[in-house]
Structure formats: C-alpha cells, structure tokens
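Student: Could you take me closely through one part of this model, namely how its strands and helices are connected and packed?

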Amino acid sequence: MQIKALGVYCGSSPGLLPEYKDMATAFGALLAREGITLVYGGGNVGLMGAVADGALEAEGKVIGVIPQALIA
C-alpha cells in the first residue's frame, strides 16, 4: 500500500532552534519527492508553513485546510 496523502499538524511558531524549521522544510520536500500530497493547517508561518514551503518548492501538491473562523 502506498501513501497518497499525509496530514501534518504542527506549530505556527518556528520553534526554539533553527534546526526545527530546517527539518520541517526538508520533510515537506521529501513528501513532494515521494509523490505524497501534503494536507496541512493552511497557514504560512511557523513550522506548518515551513513544511508547506518545502513541499511547494519541490513542486509537490499541497492542500491547506483552515476553519472559516480563522480567516481574517
């Protein structure tokens, strides 16, 4: 069985160490290279944004899900 999509939920903060953001970006790129769609919280900040940025930079498919109440 092959994973087609993966839901990722992580912080809207970059974390205490720069390595956290670097690893999140690398993880997003890995998902894209493996052909796995990223489903995430829809934000563009913090670790969640870094995962999405990594996937997008590697030309992966990204689906953002955000509750209506959080849309400004």
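Tutor: E2, H2 and E3 form a β-α-β unit that is right-handed, a crossover being right-handed if, with the strands pointing away from the viewer, the path from the first strand over the helix to the second runs clockwise. Helices (H or I, at least four residues) and strands (E, at least two) are DSSP runs, numbered from the N terminus. This is a predicted model, in which local features need pLDDT of at least 70 and side-chain atom pairs count only at pLDDT 80 or more, while totals for chains, interfaces and linings use all residues. Residues are numbered from 1 along each chain as its sequence is written, and side-chain values use heavy atoms, with hydrogens and water left out.

Within this unit, E2 pairs with strand E3 (residues 62–64) in the parallel sense over three bridges, where pairing requires that DSSP find at least two bridges between two strands. Tyr40 is placed opposite Gly64 in E3, and Tyr40 is also the bridge partner, in E2, of Val8. From E1 the chain passes through H1 to E2, in a β-α-β crossover that is right-handed.

As for the helices, H1 (residues 18–33) and H2 (residues 46–57) pack with their axes 6 Å apart and at an angle of about 40°, the axes being lines fitted to C-alpha atoms over the stretch in contact and the angles running from 0 to 180 degrees between N-to-C directions. H1 and H2 are therefore oblique to each other, given that angles under 35 degrees count as roughly parallel, over 145 as roughly antiparallel, 65 to 115 as roughly perpendicular and the rest as oblique.
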